[in-house]
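Subject: Structure for your review

Dear colleague,

Please find below the structure I promised to hand over to you.

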Amino acid sequence: MTRWLAEYAWLPDHAEPTPDVLIEATDGRLTAVTPLTGGGSPAAGVEVLGDATRLPGLTLPGLANAHSHAFHRALRGRTHDGRGDFWSWRDLMYSVAARLDPDSYLALARAAYAEMALAGITCVGEFHYLHHGPGGTPYDDPNAMSAALVEAAAHAGIRLTLLDAAYLTGGVDGAELVGPQRRFGDGDALRWAERVDAFRPADEHVRLGAAIHSVRAVPAEQLATVAGWADRHGLPLHVHLSEQPAENDACRAAHGCTPTRLLADHGVLGRHTTAVHATHPTAGDVALLGDSRTGVCLCPTTERDLADGIGPARRMAEAGSPLSLGSDSHAVVDLFEEARAVELDERLRTRKRGHFGAVELVTAATVTGHAALGWGDAGRLAVGDRADLVTVRLDSARTAGVPPVGVFFAATAADVTHVVVDGRTVVADGRHLTVDVPTELGDSIAAALS
Ligand SMILES: [Zn+2]
């Protein structure tokens, strides 16, 4: 058994953190979560009990990054100045995609996932579409790039949901994939399913899921094939949705309806589906998403970086869509920033404060994100759940004097000191135990761009 004594811990269904909590785990599962004092502040001089590791600060459940494209990490700092928009950014992204192979992708993803571990992310949803070799020729193992991502997450010490994306066309009009896009394509949805069926990683830290890249990349008549595959296997299904008004316009022109309506008509929506972004839904789209209990993954730091706009987060939550969070392009890897941006962006849009409470933001960053990735047994400090712990210091220049309940409005990823994933310590004293993150990021990005 492993034991930790948290100065504060955020327990399920609590409006604020609880002081002095003894947390015990066996075989990667929480076996006891016990508050030691009944008061509102830590008891002076509570001694470390036996072999318990003391965790000063606030301990949270594991954070789930529900939307990642690992190779986008190479673009950080390279696409942010000057003019341009989502589409010009995409051209640069394609140039990196054109260069990677399984070895260089393993190195880059390992470093990117280790950066996530440092930020308190214990599980990542990799929306993976860089499947094939240059020109679209499959590798000897057609899932070699998927295998590289699985290995990268193992090295970084975090769990992975590999959301294997069908990416078949270059536009809603069914245009053929061209240039670097050809690496993404399997030809049609049946061949996509055949390839994915052949990938059966046995590793404990990985689960599979499906993705529809977008209505731009999967023809309407093939949407049900991907959705049906996910449904048959009981796996999560993710889809980029209405990140740009141009996608809505193109979909209306081609199909006479919004992308959300198109997905609804082809059986894509539902409680196992997560729509990523949903930045520009109509009122009818919000109702379709909410009524079907389709989740929405917001990626505010990417949406601001790409000048996408601000999605109607509060309206979507009210309509019935569970909200999760993703770092997407990794312009920023910081789920505290993503979480508070959900509230702060809503303030900018409405010029009113107070849309999301702290508990809602914690929930989005933890339990809802894990559920969206198919891990219904993670994201809560509760007996039986996976032993994921993320400790945030309360004595940094950013967090000193901040009440524990206010951490999501004050802390950054740099304030994470201790991370445990499935009972194993991955980060201690703010350092990754197995990956030299800055060096490996620098080297792998240089290699990916060379
Ligand atoms: Zn994305």
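The notes below cover the metal site, a strand beside it in the discussion, the nonpolar cores and the cysteines.

Please bear in mind throughout that this is a predicted model.

I begin with the zinc ion. Its protein donors are His 67, His 69 and His 240, each through NE2, together with Asp 328 through OD, at 2.1 to 2.6 Å from the ion. The angles among the four donor atoms run from 86 to 172°, and the site is irregular. Along the sequence, the donor residues follow the spacing H-x1-H-x170-H-x87-D. Distant parts of the chain are linked here: His 69 lies in the loop between strand 5 (63–68) and helix 1 (86–97), while Asp 328, 259 residues apart from it, lies in the loop between strand 12 (323–325) and helix 11 (335–350). His 69 and Asp 328 are both buried.

Another zinc donor, His 240, belongs to strand 9. This strand comprises residues 237–241, and five of its five residues are buried. In a regular strand, side chains alternate between the two faces of the sheet. Here, Leu 237, Val 239 and Leu 241 point one way, and His 238 and His 240 point the other way. Strand 9 pairs with strand 8 (residues 206–212) in the parallel sense over three bridges, with Ala 211 opposite His 238. Strand 9 also runs parallel to strand 10 (residues 273–277), joined to it by five bridges; there, Leu 241 has His 277 as its bridge partner.

In soluble globular proteins, nonpolar side chains tend to be buried together. The largest core in this model has 127 residues, and Phe 71, Tyr 105 and Phe 408 are among those that touch the most other members. Helix 2 (residues 102–118) contributes the most to this core, with nine residues. Among the residues that Phe 71 touches are Met 93, Leu 100, Tyr 105 and Leu 130. A second, separate core of 14 residues includes Trp 4 and Leu 55.

Finally, how many disulfides does the structure hold? There are zero.

With kind regards

How values were computed
Residues numbered from 1 in each chain as written. Predicted model: local features only at pLDDT ≥ 70, side-chain atom pairs only at ≥ 80, totals over all residues. Heavy atoms only, no water. Donors = N, O, S within 2.8 Å, 3.2 Å for Na, K, Ca; no water. Tetrahedral: all angles 85-135°; square planar, octahedral: opposite > 155°, others 65-115°. Helix = DSSP H or I, 4+ residues; strand = E, 2+ residues; numbered from the N terminus. Buried < 20%, exposed > 50% of the residue type's maximum accessible area, 1.4 Å probe, protein only. Core = buried A, V, L, I, M, F, W, Y, C linked by side-chain atoms within 4.5 Å. Contact = heavy atoms within 4.5 Å. Disulfide = S-S within 2.5 Å. Pairing = 2+ DSSP bridges. Lists of a residue's contacts leave out its neighbours within four places in sequence.
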